[in-house]
Every structure is written in C-alpha cells, then in structure tokens.
Amino acid sequence: IVEARLQPAEYRNLLQKSITVLRKRACSVGKMKKKSTVCKRIMEKLGQVDMDHTERQVVCISQDSFYRELTPSEKLKAEKGQFNFDHPDAFDNDRILRTLRDILTGVKCEIPAYDYRSNSILKNQITTIYPADVVLFEGILVFYFPEIRELFHMKLFVDTDSDTRLARRVPRDIKERGRDLDYVLNQYMNFVKPAFEEFCLPTKKFADVIIPRGADNTVAIDLIVQHIRDFLSNRGRVTMEAESPISRAEGGF
Ligand code: C5P
Ligand code: MG
C-alpha cells in the first residue's frame, strides 16, 4: 500500500504526502482469499468502493498492472509455462517508479491493464488514477527494489504458508487465467516457489507490520483501516513544512 497525502485546500499538485505500502501474499484455503481481498476489505471499510473513482480518497493499484511486454521468444516461453513471471525483471520497474513519483507529486497517472491469458498488456485499456490521499499498492515484489521500497510510508507483509498459497493459486489460475493443472503445477515448482524464496521472502524484513492469514485477519485489517482514517482526518492539520515527505522520497533516487 502506498499512501499519498495531498494538501486539502489548494489544487492537488501542492501536496503533503505520505506513503504506505501493503505487500501481501495472503489467502485462506477455505475461502480462497487473494491478496487483492485485503485491499478490497480496506477500501470497503473506508467507504470508498461505491464512490465515483474521481472522488476517491483512497485508491488501489496492483503491481501486476506493470508486467512488461514480452519479446516474441519470451511469449512463446510464457505460453509453455517456461517464463519466470515471479522474477523482479518481469515488471516494468521504471514505469512503477515513475508512476509512484507522479502519485507523490499529485499528478494524475495512467495505469495499464494486464491480461494473464495472453501474457500481455491490453492495448487501449488504460485506467486513470486521480490524485488521492491514500494509495494502496499491492504486489508480490513491491519491496524488492530499494528506490521503490523507499517511497512507501508503511509497509505490510501478509504472510501465508506455501501450501495455502498453492491451494489458492491452482483454482484461480485454471478458472481465471486459462491455464491447465499441469501448467500451474510446473510453473509453481519451477518458478513461483523458488522465486518466492529468493526474491519475495527476503523482503519480509522490510515490512513494518506482518499480517498472518490475510483478509481473514479482521483485527489487523481494522488496525490498518483505523491508521488510514487517522491519517485522513489529520492531513489537513499538517503544514507544508512539517514532515516533508517529498524530500524524503526524492532523497531516495
Ligand atoms: O495475483 P498475484 O499476485 O498472485 O499475481 C502474481 C502471479 O501471477 C505471479 O506469481 C506470477 O507467477 C503470475 N503470473 C502468471 N502469468 C502472467 C503474469 C503473472 O502466471 N502472465
Ligand atoms: Mg493479485
């Protein structure tokens, strides 16, 4: 979750900001909760879901929207389940950084749409993200690169055991992503599990809060929601000089 705070009265390019990151590998076997469910719950509890998207104080962006376009030979590999989508280089990390910087400076930004069936970015399906006070940024490797990690003001790691992750993944990939069982299991054994251990798990140490059991952990979700509520109600009282999160963010580059 990335959280960006804007100066309330003036137009939104003069801003105070603060950033929070939720990074989660969350699910529960029984109800098949996904990572995005944690963000959805937070949005619901903050009353943001039914709002017009231009009016939202809190918005949610997924790292998956930033998977990079593959070369023709990578595409062939991906079709056979031989491309590593869990490696940090699978993402357009420059675009992630640019987008987060835009968010921090209160600039409206455009998020691509990604299609897991064709392993490609969907042309002409851009989502516009309007300046918001809190931006939740969720994904498997959002804490991996220091330049990106340093932008977040609060980092959450939603922890789930590997059996549960696999049990969640199999039906999801078959139903929603057009894969068959062989593909899912091979991809999991060859790429997902080793990459989780090599790239994702070591980023747990950067988290401010570790949340077991994902969206089922209503106590943790309520605490996060309360933290965001406090932030939203306090933001008007913060002066441009105080905190100066933008200089902190820029210092990271
Ligand atoms: O929703 P979730 O965070 O699980 O999505 C990330 C997962 O999607 C990664 O573990 C990656 O293996 C998978 N993926 C895929 N095919 C793609 C892009 C991502 O299987 N084209
Ligand atoms: Mg997801």
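Reader: Where is N119 placed?
Author: N119 sits in the loop between β3 (109-115) and β4 (120-129). Strands are DSSP runs of E, at least two residues, and helices are runs of H or I, at least four, numbered from the N terminus. This is a predicted model, where local features need pLDDT of at least 70, side-chain atom pairs count only at pLDDT 80 or more, and totals for chains, interfaces and linings use all residues. Residues are numbered from 1 along each chain as its sequence is written, and side-chain values use heavy atoms, leaving out hydrogens and water.

Reader: What is the phi of N119?
Author: N119 has a positive phi of about 55°, although it is not a glycine. Most residues other than glycine have a negative phi.

Reader: Why is N119 called buried?
Author: Buried means under 20% relative accessible area, exposed over 50%, partly exposed in between (1.4 Å probe, protein chains only). N119 has 5%, so it is buried.

Reader: What makes N124 count as exposed?
Author: Its relative accessibility is 79%, so N124 counts as exposed. N124 lies in strand β4. Its phi is positive, about 60°, and it is not a glycine.

Reader: How do you know that the span of α5 is close to the one expected?
Author: The expected span is 1.5 Å times one less than the number of residues. Helix α5 (residues 162-176) has 15 residues, with 21 Å expected. From first C-alpha to last, α5 reaches 20 Å.

Reader: Which residue follows α5 with a positive phi?
Author: G178 does, with phi near 65°.

Definitions and conventions
Chains are lettered from A and ligands numbered from 1 in the order in which they are written.
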